[in-house]
Number of protein chains: 2
Amino acid sequence: MKDVYIKGVGMSRFGKREESLVEIMAEAATRAIEDSGRKHFDAVYVGAMNPEDFVGESNISSAVVDYLGLVPVPTTRVETASSSGAAAFDEAIYAVASGYFDSILVIAGEKMSMVSTSVATKILSEVIDHEERRYGLTMPALAALVTRAYMNRYKLKHKDLALVSVKNHLNALKNPYAHFHKEITVEDVLNSKVVADPLRLYDCSPLSDGAASIVLTSEKTKIKVRGLGHGSDYVALSSRKSITSLKSTTVAAEKAFKVAGLMPQHISFAEIHDAFTPFEIIGSEDIGFFPPGKGWIPLVEGRTGIDGDFPINPSGGLKARGHPVGASGLAQLVEAVWQLRGEAGERQIKREPRYALTQSVGGLASNNVVIILERVSL
Amino acid sequence: MKDVYIKGVGMSRFGKREESLVEIMAEAATRAIEDSGRKHFDAVYVGAMNPEDFVGESNISSAVVDYLGLVPVPTTRVETASSSGAAAFDEAIYAVASGYFDSILVIAGEKMSMVSTSVATKILSEVIDHEERRYGLTMPALAALVTRAYMNRYKLKHKDLALVSVKNHLNALKNPYAHFHKEITVEDVLNSKVVADPLRLYDCSPLSDGAASIVLTSEKTKIKVRGLGHGSDYVALSSRKSITSLKSTTVAAEKAFKVAGLMPQHISFAEIHDAFTPFEIIGSEDIGFFPPGKGWIPLVEGRTGIDGDFPINPSGGLKARGHPVGASGLAQLVEAVWQLRGEAGERQIKREPRYALTQSVGGLASNNVVIILERVSL
C-alpha cells in the first residue's frame with residue numbers, strides 16, 4: 001500500500017453565494033490546483049450530498065470536470081450524506097494507495113441557498129429512517145432528542161452547551177472563508193428562537209453554499225495521510241442502544257487510530273462535526289478525547305479554544321464556518337492542513353501541531369468518517 | 001497493487017417491481033452473498049444514479065447496510081449517472097487493490113417505476129448540459145441526434161439498426177432476470193411509435209426497477225478483474241468534435257486494455273451499453289472491436305448473436321434485460337461472470353469464453369467505464 005500525501009488545498013468562501021454549484025466547486029478546485037503546483041491529475045473525485053434536490057443537478061462529477069477543462073480525466077461522485085466530502089477523500093486515498101492513480105483532485109461542495117429553509121429541511125430529512133420520517137421527525141428534531149438525552153444523563157446545562165457556539169463563532173471571526181463573522185454570547189444562544197426544543201437557532205449550523213478541494217498524491221509532501229476509518233450505524237435512532245454516543249464515530253475512530261498506530265492523546269487538535277452544538281461534545285467523547293459525559297468540561301474550562309491545550313474546530317466548525325453539507329468533511333481537512341502547515345493566519349494554533357484529526361457525520365450519524373493527518377519532515 | 005477477484009454475484013429480477021429500492025438491492029445482494037459463501041465484508045459500495053429524485057431517498061448506502069444487517073461496516077454510494085454501477089465496482093477494486101479492504105460487497109440498483117414516464121424523462125435530463133437542456137433537449141433527443149448523424153455518415157438503414165433490438169430481445173427471452181420476455185421483429189421496431197426521430201420506442205431501453213450485486217475479494221477465484229478504464233467527455237454534445245464516436249468510451253477502453261495487457265481481439269464477448277440501439281454499434285467501434293462506421297455489419301451478418309463468433313449483449317442488454325439506470329453497469333458484470341463461469345443457462349456462449357468486456361455509459365457518454373474480466377485456472 002502506497003503512502004498518500006496532500007499536495008494542495010483550497011476553499012471557496014462559505015455563505016450565501018450567487019454562483020452555481022459547479023462555479024463554487026471550481027473556485028475551490030482552482031485554489032487547490034494552484035496550491036499544488038500540479039497541472040495534471042489522474043482522476044477527479046467529487047463529494048456532494050444532494051445536488052439533485054438542492055440545485056436540480058445530476059451527473060455533477062462530469063459537469064465539474066468539464067467546467068475545469070479536465071476532460072477526459074475519470075471522474076466519480078461520492079456520497080454518504082453529510083460526510084460526503086470526507087468519503088470522497090477516502091476513495092481518493094484508496095485509489096492512490098492502490099497505485100492505480102498517482103495524483104487525484106478531490107472537490108466537495110453543496111449549494112443549499114436556492115431552496116427555502118422549509119424545503120431544505122425536507123431535503124435533509126430524506127436521510128432519515130422511513131418510519132421516523134413518517135412520524136414527522138426532521139434532522140433538528142432527531143438532534144434535539146439526542147441533546148435532551150445527553151443533557152439529562154450527564155447534567156449538562158444549556159448555558160454550558162452554548163459555549164460550543166460561542167467558541168466556534170469566535171474562531172470563525174478569524175477565518176476569511178467562514179459563513180459568519182459575528183461574535184455571539186451565551187445569552188444570544190439562549191435567547192435565539194427555538195428550532196427543536198432544547199435546540200435553539202444558535203445551536204444549529206446554517207444552510208450554506210461552499211466548496212473545498214484537496215490534491216492527493218503519492219509524492220512525499222509535508223502533510224501525510226496517517227489514518228482513516230469509516231463506520232455505519234442503524235439509520236433509525238430508535239434502533240440504537242444508546243443515543244448519547246454515536247457508534248459510527250467510535251468504529252471509525254478506532255479504525256483510524258489503528259491504521260495510524262496512534263492514540264487519542266497523540267492528536268494536537270481536531271475538527272469535529274458540530275452540525276448541532278452537542279455533536280461537538282459527543283464526537284469528542286466517541287473519538288476518545290474525553291470520557292463519556294465529560295466532553296463539555298474542557299469546553300467550559302476553555303481548553304478547546306484556539307489557545308487551549310486541545311483546540312476543537314479552530315476553523316469555526318460547521319456552526320460558524322458554515323455547513324454546505326457535502327463540503328464540510330473536506331473543509332475540515334483543508335483547515336487541518338492549514339493548521340499543520342502553520343498557514344492558518346490569525347487563528348493559527350500556536351504549539352506547532354503535528355497530528356490533526358477530523359470527524360465527519362453522515363446523516364444522523366449513520367455513516368461517519370474519521371481521518372488523521374500528520375505533519376512530516378521532508 | 002493486489003489482484004482482485006470476483007467471489008460472488010447476484011441479481012434481482014428486472015422490470016416493474018412492487019418492492020422498495022432498498023428491498024430490491026437487498027434481493028440482489030443476498031444472492032451475491034450466498035453465491036460468495038462469505039458472511040463478513042469489510043465495506044459495502046452502493047451504485048445508484050438518482051434515488052433522490054426517483055424514490056425520494058437520500059443516504060441510500062446507509063439504508064442498504066442497515067437493511068442487510070451489516071452495520072457498522074463502512075458504506076459508500078458512488079454515482080456517475082447511468083454508469084454508477086460500474087463506477088461503484090471500480091471504487092471497490094481500488095479499495096481491495098490498495099490493501100485497505102479484503103472483501104467488499106458491491107450493490108447497484110435503481111427504482112424508476114414510481115414516477116411517470118414524463119417525470120422520469122425530466123429526472124434523466126438533469127444529466128444534460130444546462131444550455132442544451134434549456135433548448136428542450138432530453139436524453140432520447142440527444143441520442144436521436146447521434147443516431148441521425150451516424151445513419152447519415154455511415155449509410156446505416158433503420159431496418160439494419162433495428163436488428164440490435166431484435167437480437168437483444170431474443171437473448172433476453174433466455175434470461176430469467178430480464179425485464180422483457182418478448183420476441184420482436186424488425187417490423188415491430190420500425191412500426192413502433194416515434195420517441196425522438198429517428199429513434200422509435202423499440203430503439204430505446206425501458207424504465208426499469210432492478211439491482212445487481214457482486215462480492216470482490218483479494219482471494220483467488222475463477223474470475224479475475226483483469227483491467228479497468230474510465231474516461232469523461234464534455235457534457236454538451238455541441239462541445240464535442242464528433243458525435244458518431246463517444247470519446248469517453250475510447251479513453252476508458254484504451255486504459256482498460258493497457259492495464260489488462262490485452263487487445264480487442266482477445267475479448268470473447270461483450271456487454272455494451274445499448275440504452276439506445278445505435279449505442280451498441282458505436283460502443284463496439286469505440287472499444288476497437290470494429291472499425292468506425294462498420295460496427296453494424298457484423299450485426300447484420302449475425303456475428304454478434306449468442307451463437308456468433310463475437311456475441312454482444314448475450315444478457316439481452318439494456319434494451320431487453322432492462323435499464324434501471326444505476327444498476328446496469330453492475331448487471332453487465334454479473335452477466336459476464338455467469339458467461340465466464342459457464343452458468344448462463346440457455347443463453348450460454350458455447351465456445352468457453354476466457355475474456356469478457358463490459359462498457360457502461362454515464363449520462364450522454366460524459367462518464368464511461370470499461371472493465372475486462374478473465375476466467376483463470378485455479
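Predicted model: local features only at pLDDT ≥ 70, side-chain atom pairs only at ≥ 80, totals over all residues.
**Entry 1: how the chains are related**

I began with the two copies. Two copies of a chain are related by a rotation about an axis and a shift along it. I looked up both values here. A rotation of 180° superposes chain B on chain A, with 0.0 Å of shift along the axis. The RMSD is 0.0 Å. That is the relation of a two-fold axis. Which residue of chain B comes closest to the rotation axis? I found B:Ser98, with its C-alpha at 1.8 Å.

**Entry 2: where the chains meet**

Next I looked up the contacts. In chain B, 47 residues are in contact with 47 residues of chain A. I listed the elements of chain B that each supply at least two residues to this side. The helices are α2 (51-55), α3 (60-67), α4 (84-98) and α10 (247-260). The strands are β3 (75-79) and β8 (223-232). The largest share, six residues, comes from α4(B). I then sorted the residues on the side of chain B that touches chain A: 18 are nonpolar, 19 polar and 10 charged.

**Entry 3: strand β3**

Three bridges join β3 (residues 75-79) of chain A to β3(B). The two strands run antiparallel. A:Val78 stands opposite B:Val78.

**Entry 4: one serine**

I picked A:Ser248, which is found in helix α10 (residues 247-260) of chain A. Is A:Ser248 buried or exposed? I noted 32 C-beta neighbours inside 10 Å, so A:Ser248 counts as buried. The cut-off for buried is 20 or more.

Then I looked up what A:Ser248 touches, leaving out residues up to four places away in sequence. In chain A, the contacts are Gly231, Ser232, Asp233, Ala365, Ser366, Asn367 and Asn368. From chain B comes B:Pro72. I also checked A:Gly231, which is 17 residues from A:Ser248 in sequence. In space, their C-alpha atoms are 4.6 Å apart.

**Entry 5: helix α14**

Last, I checked a helix length. Helix α14 of chain A has 14 residues, 328-341. At 1.5 Å a residue, α14(A) should span 20 Å. Its end C-alpha atoms are 20 Å apart, which agrees. I also looked at burial: 13 of the 14 residues are buried, so α14(A) is largely enclosed by the rest of the structure. What follows α14(A)? I found A:Gly342, whose phi is positive, near 75°.

Notes. Residues numbered from 1 in each chain as written. Chains lettered and ligands numbered in written order. Least-squares fit on C-alpha atoms with pLDDT ≥ 70 in both. Helix = DSSP H or I, 4+ residues; strand = E, 2+ residues; numbered from the N terminus. Expected span 1.5 Å × (residues − 1). Buried ≥ 20, exposed ≤ 12 C-beta atoms within 10 Å, placed from the backbone. Contact = placed C-beta atoms within 7 Å. Nonpolar A, V, L, I, M, F, W, Y, C, P; charged D, E, K, R; others polar. Pairing = 2+ DSSP bridges.
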